[in-house]
Amino acid sequence: MAEGAPAAVLVRVQEADFDPGREIEALRGRSTGAVVSFVGIAREFSDAFAVERITLEHYPGMTERCLEDIGRRALARWNLLAVHIIHRHGELLPGDRIVLVATASTHRDAAFEACRYVVDFLKTEAPFWKREAGQGGARWVEAKQSDDQARERWRDPSAPG
Amino acid sequence: MQLRLMYFARLREAIGRSQETVQVPPAVTNLGQLRAWLVARGDPWEQAFARVQPVRIALDQVVSGDETPLHGDAEVAFFPPVTGG
């Protein structure tokens, strides 16, 4: 990122794939000490269900707004240089990239913690819904309680971060 | 009062449409009352809201509680818990 650029939240919601290497490189700069990234990938198996394809539905407008809000909350909580969030929608196959979250900071702790924070809130707040299809038919993915618990961790003032 | 309603995922399938514009009576003033009014219209809303639980409600693209007041021309979305990422 450009030297002296203000801390920025960048959100892209798109059908197209992205290049994680390029996105991470875009965050490198002379004042950047650390870039942490998370890439979420469509799995072949969901419980015992063999997934052949996934459809990701979303709520255009609210999705972008929600992701920007999560990014801004991360900026307010940690000393970050940038938060980039790219999330795909539409038709996906097992092995396809779904989401990229990348955080940049001067020191590594902020980038590590903020990346996990953004992923945890994205999973429970961003209006996306997965539908899996395979030989066994098609089904909507159920929300996981463990995702809610992961988010709640950040609300506890005694928790790390 | 005129409202723009949107439905997503399992709820969209159960209702058989992704959006509609409705005129609600003056007695419908908040999100909880709006959902009750939709259910009282009968099927497909009644069955859909019975089958798909829980349902989240977003008012003007912000997830909001049942007590949140409505305003004219609001965009109200109904959907199951999210599963992105």
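Chain B, read along its sequence, goes β-α-β-α-α-β-β-β, where helices (H or I, at least four residues) and strands (E, at least two) are DSSP runs numbered from the N terminus. That comes to three helices and five strands in chain B. With a radius of gyration of 12 Å, close to the 12 Å that the globule rule gives for 85 residues, chain B is as compact as a globular protein of that length; the radius is taken over C-alpha atoms, and the rule is 2.2 Å times the number of residues to the power 0.38.

A word on the model: it is predicted, so local features need pLDDT of at least 70 and side-chain atom pairs count only at pLDDT 80 or more, while totals for chains, interfaces and linings use all residues. Residues are numbered from 1 along each chain as its sequence is written, and chains are lettered from A and ligands numbered from 1 in the order in which they are written.

Back to chain B: its C-alpha atoms fill a box of roughly 35 × 30 × 20 Å along the principal axes. Buried residues (20 or more other C-beta atoms within 10 Å of their own, with C-beta atoms placed from the backbone) make up 31% of the 85 residues in chain B. Among contacts in chain B with a separation of 6 or more, 58% join residues 24 or more positions apart; a contact means C-beta atoms, placed from the backbone, within 7 Å.

Now for chain A. Four of its strands form an open sheet in the order β1-β6-β8-β2, with mixed pairing; strands pair if DSSP finds at least two bridges between them. β1 (8-14) and β2 (34-41) of chain A stand at the edges with a single partner strand each, so one side of each has no neighbour in the sheet. Inside this sheet, β6 (residues 80-88) and β8 of chain A pair in the antiparallel sense over seven bridges, and A:Ala82 has A:Ala104 in β8(A) as its bridge partner.

Angles run from 0 to 180 degrees between N-to-C directions, using lines fitted to C-alpha atoms, for helices over the stretch in contact.

| Helix | Lies across | Angle |
|---|---|---|
| α2(A) | β1 and β6 of chain A | about 155° to β1(A) |
| α3(A) | β2, β6 and β8 of chain A | about 145° to β8(A) |

Where the chains meet, 23 residues come from chain A and 13 residues from chain B. On the chain A side, α3(A) gives the most, with five residues.

Technical notes: Contact = placed C-beta atoms within 7 Å. Buried ≥ 20, exposed ≤ 12 C-beta atoms within 10 Å, placed from the backbone.
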